[in-house]
Amino acid sequence: MKKTSLLNNTAMWLGASISIAEIMSGAYIAGIGLKRGLAAIFIGHIIGGLLFYLCGRIGGESGRSSMDCAAFSFGTQGAGVFACINVLQLTAWTAIMLHVSAQALTTITSGLFPTWAWCLLIGLSVMAWVFAGGAEISRINLLASTLLLVLTFVMCQHVLQSGNGIAETVLHFNDLTFGSAIELSLALPLSWIPLVADYSSKAKQPHATNCLGTLTYTVGSIWMYSIGLMAALYCGHSDIIQLLVRTGIIRIPLLIVVLATMTTTFIEACSAGISAQTISKRYSVRFLALVVLILATIASIFVPLEQYDQFLFLIASVFSPMAAIMITDYFLLKKHQTEQILDLGSMLLWAVGFVLYWLLVSISGAVGSTVPLFLILGVIRFVTEKLRGVG
């Protein structure tokens, strides 16, 4: 299998961070204000970036894809369960990004075509790209991301010049605690955990690629979250399209956002194909990625894509306990190979972690839910495995 270069991987993660998804997520944090919102974004990304790095390191050192790495802890059938969940979340992400990009194009063209037509067009464009093997993805990522970074500096200046408007805006957001804001901030880094090893495992320089990829994604995502936060405070609501229009990003900049989103959906579709191969190797990654794109395109047209913030919490509730068990097993218990078909103990502990996450969300502590969840599950896992004589 052809190894990927440091530049290609860095460009990919830069493109993944420069996305409407990050801006949308930052906008949802606006309810707690500017200073506390920026603090929550920073803290959440430090936590999420650390987990991103550790899961990428597992893939880089083992040379295995993310779901194959999950087999170290959960067995091959257990990894298959998480592969199914990952395919579903990536399909949902792709549908959301297609729909939001289509809304942006509808705004740009003043309703020249309906949103469903743009969903179909963007979906078909990404399908053609996947069919062609993702030709020139690194160069397109670099171009789109560089242009978007420049334009976000312009937008940021525009928003900051309206600082009084930010301070005096009467907000109409749902009530949000600081801990919940941290969870929303680290949800997107967590959403990449089930696929980061898909790319670090194929890198020519796994360690350097993982370090630089983590840094690139984390810094880029912090910046996009901050843009969404400040834009939402400036406008007084979290409608992503109106945020972009009212803060100076119109037409050409929105087209660049759409381009960056297309590169992100390419990554998501291909990773969904890799995860699906964990379940069955009968079909190629390219074919499975095309199937995911077809389903996502249909969903983007016909399925109401509401409750975005709850979707972020759901992602964290699924993949936080999974990552806690995997990281404890690999780095502390030195479990570096698949020992059985299905580890029922690991699956039970994950289920406990899933329930515990939502209990911690309801309590909404000062540092969110993920950190205490990791500590609790990590201690339980380490102690019980040592008692069994593992590690």
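Colleague: What classes of residue line the largest cavity?

Modeller: The lining has 7 nonpolar, 3 polar and 2 charged residues. Here Ala, Val, Leu, Ile, Met, Phe, Trp, Tyr, Cys and Pro count as nonpolar, Asp, Glu, Lys and Arg as charged, and the others, Gly among them, as polar. This is a predicted model, where local features need pLDDT of at least 70, side-chain atom pairs count only at pLDDT 80 or more, and totals for chains, interfaces and linings use all residues. Residues are numbered from 1 along each chain as its sequence is written, and side-chain values use heavy atoms, without hydrogens and water.

Colleague: Which residues are in that lining?

Modeller: Among them are Trp93, Met97, Trp192, Tyr217 and Glu268. A cavity is a set of points on a 1 Å grid over the protein atoms alone where a 1.4 Å probe fits but cannot get out, and lining residues have an atom within 4 Å of a point.

Colleague: Which helix gives the most?

Modeller: Helix 8, with 3 residues. Helices are DSSP runs (H or I, at least four residues), numbered from the N terminus, and strands are E runs of at least two.

Colleague: How much space is in there?

Modeller: About 60 Å³. That volume is the space filled by probe spheres set on the points, with grid points joined across faces, edges and corners.

Colleague: New topic. How many helices and strands are there?

Modeller: The protein chain has 15 helices and 0 strands.

Colleague: And what share is buried?

Modeller: 57% of the 391 residues. Buried means under 20% relative accessible area, with a 1.4 Å probe and protein chains only.

Conventions:
On a 1 Å grid over the protein atoms alone, a cavity is a set of points where a 1.4 Å probe fits but cannot get out, and a pocket is an open set with protein on both sides within 12 Å along at least five of seven lines; lining residues have an atom within 4 Å of a point. Buried means under 20% relative accessible area, exposed over 50%, partly exposed in between (1.4 Å probe, protein chains only).
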